[in-house]
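Student: I'd like to learn how to read a few features off a model. Can we go through one together?
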Amino acid sequence: MLSIWHIEQSERIKEMVKSEFLGAHIDYIPLSGVDEAYYYINNKKLDLIITSIMSNGDSIENFIHRINNSINK
């Protein structure tokens, strides 16, 4: 089963995206910001991150930079 994290502030958009994955055997995890993603990053399997341009907490740019650095080690 694929695991997709969706970082998005808008509850409406998260619900719209979630409806697209219903019945597709995808573990869709809506997150309110990158701080929440940092919490889960070491504890959950992850296949794909979908993100908005803006986020609560840390910036999206810093989050992507940290993810890329952790992959390239």
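Tutor: Start with contact, which means heavy atoms within 4.5 Å. This is a predicted model, where local features need pLDDT of at least 70, side-chain atom pairs count only at pLDDT 80 or more, and totals for chains, interfaces and linings use all residues. Residues are numbered from 1 along each chain as its sequence is written, and side-chain values use heavy atoms, with hydrogens and water left out.

Student: Leaving aside neighbours within four places in sequence, which residues is S3 in contact with?

Tutor: D27, I29, K45, L46, D47 and L48.

Student: Is S3 buried or exposed?

Tutor: Buried means under 20% relative accessible area, exposed over 50%, partly exposed in between (1.4 Å probe, protein chains only). S3 has 4%, so it is buried.

Student: And how is a pair of aromatic rings described?

Tutor: By the distance of the centres and the angle of the planes. Rings of Phe, Tyr and Trp (its six-membered ring) pair if their centres lie within 6.5 Å; planes under 30 degrees apart count as stacked, over 60 as edge-to-face and the rest as tilted. The whole structure has 4 aromatic pairs. In Y39 and Y40, the centres are 5.2 Å apart and the planes at 80°, so this pair is edge-to-face.

Student: How accessible is Y39, and how accessible is Y40?

Tutor: Y39 is exposed at 59%, while Y40 is partly exposed at 23%. Together with W5, they form one aromatic cluster.
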